[in-house]
Amino acid sequence: MTTASRRNFLKGAAVAGGGLLLGFSWFDTEAGAIEAVPAVGGAASAVGFNSYLSINPQGVVTILSPNPEVGQGIKTAFPIIVAEELDADWTKVVVEQAPLDTKKFERQVAGGSGSIPHSWTRLRQAGATARQLLLTAAAKRWNVPVADCSTTPGYVVHTATNRKLSYGDLATEAAALPVPTNVPLKRPADFKLIGQTIKNVDNPGILTGKPLFGLDVYRDGMLFAMLQRPAFGYTLTSVDSTAAKAMAGIVDVVTFDNNVAVVGKSTWQVKKAKDALKIEWTKTNTTESTADHNRLFREMLDGDKATVRRKDGDVDAAFKGAAKVVTAEYQCPFLPHNPMEPMNFFAHVRPDGAELIGPTQTPELARNETAKLLGLPPESVTVQLTRMGGGFGRRLKADYALEAVQVSRLVKAPVKVIWSREDDMTGGSYRPAVRYRFDAALDAQGNMIGYKLRGASINAGNATREDNFPAGAVDNLLIDSVDHKSSITTGPWRAPITNFLAFAEQAFLDEVAQAAGKDPVQFRLDLLDRAKQKPAGAVKYDVDRMKGVIQLAAEKAGWGTKKTVAGKPVVQGFSVYFSHRSYVAQVGEVVMQKDKPVLHKVYSVADCGVVINQSGARQQVTGCIVDGIGHAMYGRLTFKDGIPDQHNYDTYRLIRMNEIPAVEVHFVQNEIDPTGLGEPSLPPAGAAVANALYKATGKRVRSQPFVEDDAFKGVLS
Amino acid sequence: MAVFTLQINGRSYRTDVDPDTPLLWVLRDHLGLVGTKYGCGIAQCGACTVHFNGEATRSCALPVSAIGKAAITTIEGLSATGTHPVQKAWDSVDVAQCGYCQAGQIMTAAALLKRNPKPTTEEIDATMSGNICRCGTYHRIREAIQLAATMPATTKTKSKS
């Protein structure tokens with residue numbers, strides 16, 4: 001990718017060692033014309049290629065996966081798509097993680113459930129074009145029309161004469177042919193790999209303890225560093241590092257940007273020395289406590305500083321004429337991301353550039369910020385991607401990579417910066433805290449004629465998504481938001497905004513349905529019919545797809561039927577959400593054990609378009625539900641004077657195996673291009689549980705974590 | 001600093017480290033055995049689980065000076081080729097998402113099956129609830145343990161522990 005004019009081009013070329021190498025562009029949603037370019041050496045020197053698959057004479061297909069693997073399964077899913085259209089033999093596919101290469105690839109990002117939607121067509125065209133070249137090469141060799149040839153996995157076949165040639169046999173010849181344009185893609189009905197159950201390509205390494213992760217990076221001469229960072233609203237006054245420097249294995253103690261870094265020869269030695277630092281901090285007037293946030297929420301909800309996000313009709317008139325008004329407030333706390341692998345990064349800064357290796361969801365950001373910091377061109381910074389021990393949005397930021405760069409620059413050595421769990425949990429970039437106020441106006445027939453939502457947040461920006469359902473289905477609607485800028489740092493957290501907003505919206509909608517005397521499922525379906533037949537303002541969701549998941553979830557869960565488990569009645573709560581491009585409906589089931597409600601099961605139906613890999617897709621849905629429920633039930637980070645009260649798993653609770661409900665996963669079968677699955681099943685989970693808890697107990701849970709909600713303290717455990 | 005001779009995965013390792021260094025960091029920083037993971041450092045998450053004379057033990061809270069002649073098994077030594085029934089079951093069920101906690105999960109599960117070859121679901125939950133998986137793979141971990149329990153036990157360990 002050297003010039004703009006090449007943006008849309010798929011390029012084929014012979015690899016120096018013999019074999020087909022095919023690059024493809026990531027730049028536009030519609031992959032375009034295809035152009036052959038001469039080989040310029042081996043795969044490593046394939047300058048001007050955007051990404052590629054190669055086939056060696058033994059028929060081994062190597063597929064580079066450019067996007068960061070954070071547990072979302074992209075390193076398996078991307079190659080499946082390429083291999084599908086190539087008609088590759090999956091047992092002969094080797095997947096390699098590509099480094100950051102902005103010339104060959106684009107959107108090397110793990111975030112926003114966006115990788116598959118973005119790359120779907122490109123990946124298919126890469127595979128299909130290579131297959132077409134192989135077909136053409138075989139037809140030439142046999143001197144038969146291309147149209148008479150077809151493929152079986154790994155082979156081109158000529159059925160009439162019962163001949164076949166392997167992709168390995170044909171690769172070199174195929175690569176020399178002009179690259180065809182407008183190669184037709186398979187019909188979804190003809191998919192062989194896509195939609196199957198395919199195992200994680202990194203299983204062998206994961207299950208035997210191979211070095212795959214950022215924390216597993218070790219280099220000759222590498223030093224280890226841990227940092228003491230300021231709490232929120234504090235600045236560094238002075239450091240006494242005498243004791244720390246005298247400790248075994250300690251090479252240096254350096255300071256930058258209010259941070260103190262201890263550098264040494266092993267993780268344990270630097271950790272001990274860090275504990276021996278004597279640091280004085282200055283408290284500024286920006287430190288905050290959770291009590292301050294609760295006061296700020298009240299002021300923001302009751303004040304007049306909110307920004308209008310959407311306004312349909314006349315809400316004041318609607319509420320004046322209402323037969324019934326429902327009002328409720330919902331609140332969610334700050335949450336740390338808590339990936340099991342804490343933040344860490346390797347950096348080796350040299351005078352002319354830097355080498356970075358580590359777990360990042362945004363390698364390009366790490367590179368560009370490093371280049372800026374060092375005053376060097378971005379091309380002088382390399383970034384190698386490791387597998388990530390989770391990210392959940394935390395690794396969208398480059399702060400921890402830049403720390404490694406800073407320390408490496410200061411000590412003039414290769415350095416791996418390691419965050420302890422305490423550093424990770426207290427180091428910021430949290431899910432923001434929010435409080436919502438909802439008002440709904442009902443007429444005498446129980447129709448929702450007015451709807452108001454105000455989102456008040458700490459460092460969330462706009463805490464609403466103003467076009468979310470039921471917007472479009474209510475004539476008179478007002479959505480506004482107000483935000484407090486805090487010294488506590490926040491950032492994207494899996495399913496940003498929607499991970500708490502969905503709980504509030506879908507639980508409140510349940511309250512409205514109850515006030516209207518309507519079944520929660522039917523109430524939602526009626527609103528959707530209304531949005532379709534007589535839309536109020538813009539409708540920015542697909543009514544039919546949302547109805548589709550609602551109806552299928554109700555059917556699969558036996559909504560409205562009498563159910564029991566071990567003789568005890570099962571009660572259900574409903575939730576549906578459109579977020580991050582996909583539609584998900586969930587039914588939560590609760591059973592009373594003695595006097596306590598226990599979460600029994602969650603049914604989930606997702607419409608994410610074509611499912612690439614059943615195994616990975618089911619993992620994402622189940623993981624999202626466990627994640628969503630776990631944090632709704634137990635997660636919270638509180639503050640005193642800018643210092644988090646929780647700092648490790650003895651004081652911060654994550655969901656464990658004995659706390660998970662059964663989960664049943666379904667997908668809507670369709671041929672819609674895939675719309676993303678790393679996040680959309682998380683948002684609805686909290687309300688599915690909250691609504692079931694209400695049915696079981698008659699009490700509404702309106703704040704997270706549920707175990708500390710006033711209505712459920714001591715009831716949930 | 002002091003020299004320790006450790007019996008790990010059926011081999012002897014000599015290492016010169018601070019005596020209070022947790023086994024976790026000896027394995028990772030000094031012996032190149034990085035399969036054992038750091039998660040919390042306070043024995044709360046289980047990512048660092050190894051076998052200590054066959055018992056599942058948190059290596060992050062075990063000072064190297066307390067090991068003596070105990071036989072240590074790490075994920076690298078659970079089997080020579082990744083064919084321990086628990087590893088095979090983990091692959092078959094396709095348990096891992098990010099994969100970071102799985103070595104600890106596998107070591108905990110292998111120790112469980114060694115002392116209780118046919119655990120009930122409740123017994124699996126009780127043991128495995130000591131290990132956190134942030135991706136939420138718990139359903140498949142449970143399923144994989146149930147599958148491993150149906151496999152022949154003869155190949156369950158490589159080392160003498």
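Trainee: Which residues does V549(A) touch, leaving out those up to four places away in sequence?
Mentor: In this predicted model, V549(A) touches V576(A), Y583(A), V584(A), A585(A), V605(A), A606(A), D607(A) and V668(A). Touching, or contact, is when the C-beta atoms of two residues, placed from the backbone, lie within 7 Å.

Trainee: And the numbering, how does that go?
Mentor: Residues count from 1 along each chain as its sequence is written, and chains are lettered from A and ligands numbered from 1 in the order in which they are written. Since the model is predicted, local features need pLDDT of at least 70 and side-chain atom pairs count only at pLDDT 80 or more, while totals for chains, interfaces and linings use all residues.

Trainee: How many residues does the largest nonpolar core have?
Mentor: The largest nonpolar core has 258 residues, and A225(A) and V549(A) have the most contacts inside it. Such a core is a set of buried Ala, Val, Leu, Ile, Met, Phe, Trp, Tyr and Cys residues joined through C-beta atoms within 7 Å. Buried means 20 or more other C-beta atoms within 10 Å of a residue's own, exposed means 12 or fewer, and partly exposed is in between.

Trainee: Which helix gives the largest share of this core?
Mentor: That's α12 (residues 498–516) of chain A, with 11 residues. Helices here are DSSP runs of H or I with at least four residues, strands are runs of E with at least two, and numbering starts from the N terminus.

Trainee: Is K278(A) buried or exposed?
Mentor: Exposed, because K278(A) has 11 other C-beta atoms within 10 Å. K278(A) sits in strand β14 (residues 278–283) of chain A.

Trainee: Let's switch to sheets. What is the order of the open sheet of five strands?
Mentor: In chain A the order is β24-β25-β26-β27-β30, with mixed pairing. Strands pair if DSSP finds at least two bridges between them.

Trainee: Why is one side of β24 and of β30 left without a neighbour in the sheet?
Mentor: Because β24 (564–565) and β30 (662–667) of chain A stand at the edges, and each has a single partner strand. Strand β27 (residues 596–607) of chain A pairs with β30(A) in the parallel sense over six bridges. V602(A), for instance, has V663(A) in β30(A) as its bridge partner.

Trainee: Which strands does α15(A) lie across?
Mentor: α15(A) lies across β27 and β30 of chain A, at about 135° to β30(A). Helix α16 (residues 685–697) of chain A also packs on the sheet, touching β25 (568–579), β26 (582–593) and β27 of chain A, and makes about 150° with β25(A) in direction. Those angles run from 0 to 180 degrees between N-to-C directions, with axes fitted to C-alpha atoms, for helices over the stretch in contact.

Trainee: How many residues of chain A are in contact with chain B?
Mentor: 45 residues of chain A are in contact with 46 residues of chain B. On the chain A side, α15(A) supplies the largest share, six residues. By class, that side has 18 nonpolar, 18 polar and nine charged residues. Nonpolar covers Ala, Val, Leu, Ile, Met, Phe, Trp, Tyr, Cys and Pro, charged covers Asp, Glu, Lys and Arg, and the others, Gly among them, are polar.

Trainee: What about domains in chain B?
Mentor: Chain B is assigned domain 1 (2–77) and domain 2 (85–153), with bounds from an automatic or database domain assignment. Their C-alpha centres lie 21 Å apart. The contact takes 15 residues from domain 1 of chain B and 12 residues from domain 2 of chain B.
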